[in-house]
Structures are given as structure tokens and as C-alpha cells.
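Subject: Structure handover

Hello,

Here is the structure I said I would pass on. My notes on it follow below; please read them with the structure open.

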Amino acid sequence: MINKNLIIGAMMIVIGAPAMAQPQSDELMTKVSTIIKSNTPDATDQIEDIAKENKKNPLALASIAKAYLAANDKATAKVYAEKALALVTKKGTPEEKGTVYVLLGNIAVAEDDGGAAATWFQQAIYGDPKNPDGYRRYAQIMSKTDPNGAVQTLEALRSQRPDYPVDLIAAEIYSSSGKMKQANEYYAKVSLDQMKDYQVSDYATNLFLSQDYAKSLEVANYGHNKWPRNASMNRLIMFNETSTKNYTAAIAAGDNLFNASDSAKITAYDYNYYATALKGAEKYEEAIKCYEKIQQLDGIDAGTVTEKNKDISDCYKKISNYNKAGEYLDKYLKAQPQSSFTLDETLATLYADELMDDKTTPERKKEAYAKADEIYAQLAEKYPTNAAYIASKRAKLPFALEATDMEKLKMAGPHYITLATTLEASTDRSAGETKLLTNAYNAICAYYVHCMDDMEAAKPFATKLLELDAENTTAKAILGVE
């Protein structure tokens with residue numbers, strides 16, 4: 001049994017294809033629709049009079065039913081549809097049968113009866129093999145459960161109506177069922193100038209989601225040139241240009257989306273791509289405003305607000321505003337459900353970056369050093385397995401301060417000792433760790449000789465240093481080795 005979701009999916013597919021409707025019937029449907037909308041006391045009587053005048057015309061009765069269906073009066077639509085059905089059952093022409101059967105299928109769709117809908121659309125195919133609506137609607141109904149079978153149904157139409165855009169409908173069928181590869185293959189068979197705007201947009205979207213950014217951009221640009229105020233085209237251009245890091249073009253497309261598109265429903269995704277483009281173009285202050293706008297959207301979830309705090313922090317960091325960067329980073333970290341070394345280190349890294357920033361004043365560098373070193377000290381207690389890494393980070397921090405080399409070495413020395421002690425305990429050191437240990441021994445020797453004036457304390461480390469670097473001149477000098 002076809003469920004409600006499949007029916008809704010089928011109804012959402014709007015096919016802009018040649019119709020088989022008759023001009024008189026179209027005019028009659030418009031006339032009846034106008035009467036229904038007028039809501040006058042005698043509206044029903046007026047329509048009944050029209051029906052009596054056409055009581056032997058199934059197409060006219062079908063038009064009345066269509067008008068009621070369009071007004072969401074399914075019950076009355078069904079009454080007139082069944083009157084039309086009674087006429088075509090006796091001696092209807094193929095055209096009449098196809099029209100009435102498709103109508104009854106559409107009513108079944110509106111009633112959430114997918115099984116009945118599929119049966120009526122099949123009847124339409126048998127009743128009028130040249131009416132594309134039966135094939136099309138049956139294929140749409142079956143698209144979720146059997147998209148390949150749905151397209152095969154459409155292929156049967158091709159022999160009956162070679163003029164009908166089967167490839168486009170097949171593309172839509174595959175697209176609605178999530179089979180983007182097959183959808184794109186069918187779209188590729190059709191010239192873009194034969195597509196409607198929503199089809200061009202769907203094709204470009206599928207290509208974008210398939211990460212074929214170049215082709216998606218080509219299709220979206222075609223759509224933009226033809227429908228310059230189409231929000232979907234402008235959005236897809238921005239998405240593609242951002243994804244390929246062509247930020248200037250992405251910003252221009254974003255401006256078109258926000259300021260030169262008709263009926264654009266702007267979402268958090270739109271602002272996020274636009275902010276990413278601004279950030280990529282080093283327009284950090286504008287990016288911050290865009291990220292903040294996301295946080296202010298109605299219905300935005302707390303998780304997104306949290307993630308944008310990290311983005312805002314990154315932008316403030318880029319313009320060396322570390323106070324604001326720290327403020328937003330702190331909000332981000334406090335909102336995390338679980339801590340980890342990587343997360344906890346983020347704040348220390350921010351202060352370390354401030355310390356090494358050429359724009360930071362000497363006084364601010366002292367403050368940044370103190371904060372970074374304090375956080376790393378806390379991390380050493382919380383994550384003892386990361387002791388070597390933390391010690392190496394703490395050892396490097398003093399060298400960004402405005403101080404003499406001896407002052408820097410004196411501050412770094414104890415951390416080099418911690419680093420060496422930790423690495424010595426490792427039984428499976430990597431080549432990189434061995435090099436790090438060698439550098440630590442060098443620094444410790446210099447620390448004891450030049451900062452602490454303690455040659456004896458330096459000798460054990462000089463001995464270890466020679467074991468790793470037999471030609472090290474510093475170690476030889478300390479040990480008096482030729």
C-alpha cells in the first residue's frame with residue numbers, strides 16, 4: 001500500500017508539460033472556480049444549472065469537478081467526477097476516459113488513498129494511451145517505492161507521444177526519490193532552454209549536492225541569466241562559489257540573493273555560506289554581523305547558536321581583537337556537553353596566539369602569557385597522558401615575550417626538564433620525539449649553565465645529550481670531553 005508520504009511527494013512534483021485539456025473545458029473550469037470563490041448564496045445553484053446544461057458532456061462535468069478539487073472540496077468534486085465516470089463507462093472516447101480517470105486519481109491522491117490513485121492512473125493509461133497525464137501521475141505515485149519502474153512507465157509513453165518531455169519527468173522522478181545520479185543523467189539529455197526555472201534549479205541543486213561544483217555553477221548561471229531575480233539560482237551560485245573558494249563571486253551572488261531576488265526565504269544556511277565567503281575574503285567584521293544574524297533568527301536551535309560563537313571568535317581573532325575572541329570562545333566552550341583535551345586547549349591556544357601576534361602590546365603579551373601558561377598547567381593535571389605535549393607548549397611560550405634571552409630561558413627551563421623527564425619514560429619514542437628530547441637536553445644544559453650557574457646540575461643532561469648526539473659541542477664542553 002502506498003502511504004501518505006508517497007502521495008505528498010507525488011503532489012509536490014509540478015510538471016510543466018503540454019496539457020491534453022480542451023479550451024472549452026478550461027474556460028468552464030475557470031468559470032466554475034470564479035463562482036465558487038464568489039461564495040454567493042446561489043453559487044451552488046449556478047453550478048448545478050451549468051451541470052444540467054452539460055449533463056451528457058463528461059469533459060464538462062470533469063471541469064466542474066476539477067474546480068471543486070482546486071477549492072479543496074473533495075466531496076463535491078467526487079460527486080461530479082462520478083457523474084462523468086458514468087458517462088464514459090458506457091461509451092466514452094479515449095480522450096474522455098483518460099481525462100476522467102486522471103481526475104479520479106487526483107481526487108484519490110487528495111484523499112490520501114495512494115492505492116486507489118495508482119489504479120485510476122493505470123486505467124487512464126489503458127483508456128487513452130496518448131494522454132501523458134496517466135503515465136506521469138502513475139509514475140509520480142510509484143516514484144518512492146519503485147523509481148526505476150516509474151521511469152519505465154514513462155518510457156512506454158515515449159513511443160505514444162515522442163513530443164512529450166519524458167526525459168525531464170524521468171529526471172524529476174529520480175530526483176524526488178533521492179537518486180541524484182540517475183536524475184542528473186536524464187537532465188543532461190535535455191537542453192537547458194527546454195527547462196522551466198524549477199527544473200534548472202533542481203538540476204543545479206543535484207549537481208551541487210553531488211559536489212560537481214563546476215557543472216552546478218554552469219547550470220545555475222544559466223538560470224540566473226534567464227531569471228536574474230530567481231532566489232534559487234542566486235543561492236546556488238553563492239553556494240558553489242563559496243565551496244570553490246571564489247569568495248568575491250560568492251559575495252556578489254549573496255548580495256543578489258538578499259537584495260535582488262523575488263520571494264526569497266532566507267535561511268540560516270544562506271547566512272552561513274555568505275558569512276563563510278566574507279570570512280574567506282577577509283571581511284571579518286561583516287562576517288561577524290552575518291554570524292550574529294544567524295543567532296537572532298526565529299526558531300534557531302541552541303546548538304547552532306553555540307557553533308556560531310566559535311565562528312565569531314575566530315573572526316575576532318583574525319582582526320586581533322582577543323578580548324572579544326575570548327568572550328565568544330568562552331561561551332562556546334561552556335556550552336559543550338563534554339570536555340576533551342582538544343576543546344580545553346582551545347582557550348590556551350587563543351592566548352598563545354595573542355602572545356605571538358605582532359600587534360599585541362608588551363603589557364598585553366604578559367597577560368596573555370600568564371593566562372596561557374595557567375591553562376596549560378591546569379591541563380597538565382587534568383590530562384597527564386598529554387604531559388610531554390603540554391610541557392613543550394609551555395616551554396615555547398616565554399620566547400614570545402618582550403624580555404632578554406636569559407629571562408626567557410629561565411622561564412622555559414623547568415618546562416624543558418618536565419618534557420625531558422616525560423619523554424625519557426617513554427619506551428617507544430618516535431623519531432620526532434627523540435628529536436624533541438635532544439632539543440630539550442640542549443635547552444636544559446643552557447638553562448643550568450647560563451641561568452642557574454650550576455655546571456654540576458647540567459652534567460647529567462649533557463651526558464644524556466651525548467648519547468643522542470655524539471658530536472654535540474655544548475655537551476662536550478660541559479663534560480670536558482675532547
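At the start of helix α14, a side-chain oxygen of N230 comes to within 2.9 Å of the backbone nitrogen of S232. This is a predicted model, in which local features need pLDDT of at least 70, side-chain atom pairs count only at pLDDT 80 or more, and totals for chains, interfaces and linings use all residues. Residues are numbered from 1 along each chain as its sequence is written, and side-chain values use heavy atoms, with hydrogens and water left out.

Helices are DSSP runs of H or I with at least four residues, numbered from the N terminus. The expected span of a helix is 1.5 Å times one less than its number of residues. For the 13 residues of α14 (residues 231-243) this gives 18 Å, and the end C-alpha atoms are 18 Å apart, so the two agree. After α14 comes K245, with a positive phi near 65°.

Is α14 mostly covered or mostly open? Eleven of its 13 residues are buried (under 20% relative accessible area, with a 1.4 Å probe and protein chains only). Among them are M233, L236, I237 and F239. The cover includes α12 (197-209), α13 (213-226), α15 (247-259) and α16 (268-280).

F239 also belongs to a cluster, joined by ring pairs, with F208, Y213 and Y273. Rings of Phe, Tyr and Trp (its six-membered ring) pair if their centres lie within 6.5 Å; planes under 30 degrees apart count as stacked, over 60 as edge-to-face and the rest as tilted.

The whole structure has 16 aromatic pairs. One of them is Y316 with Y328: the ring centres are 5.9 Å apart and the planes are at 25°, so this pair is stacked. Y316 is in α18 (residues 302-318) and Y328 in α19 (residues 322-334), so the pair ties together parts twelve residues apart in sequence. Y316 counts as buried because its relative accessibility is 13%, and Y328 because its value is 9%.

Y448 and F461 also form a stacked pair, with 6.0 Å from centre to centre and 20° between the planes. Y448 lies in α24 (residues 431-451) and F461 in α25 (residues 455-468), 13 residues apart.

K331 lies over the face of Y328, 4.5 Å from the ring centre. The charged end of K189 is over the ring of Y186, at 4.2 Å from its centre.

Regards

Definitions and conventions
Helix = DSSP H or I, 4+ residues; strand = E, 2+ residues; numbered from the N terminus. Buried < 20%, exposed > 50% of the residue type's maximum accessible area, 1.4 Å probe, protein only. Contact = heavy atoms within 4.5 Å. Polar contact = N/O pair within 3.5 Å; in protein donor to acceptor, adjacent residues only side chain to side chain. Lys NZ or Arg CZ within 6 Å of the ring centre and 35° of its normal.
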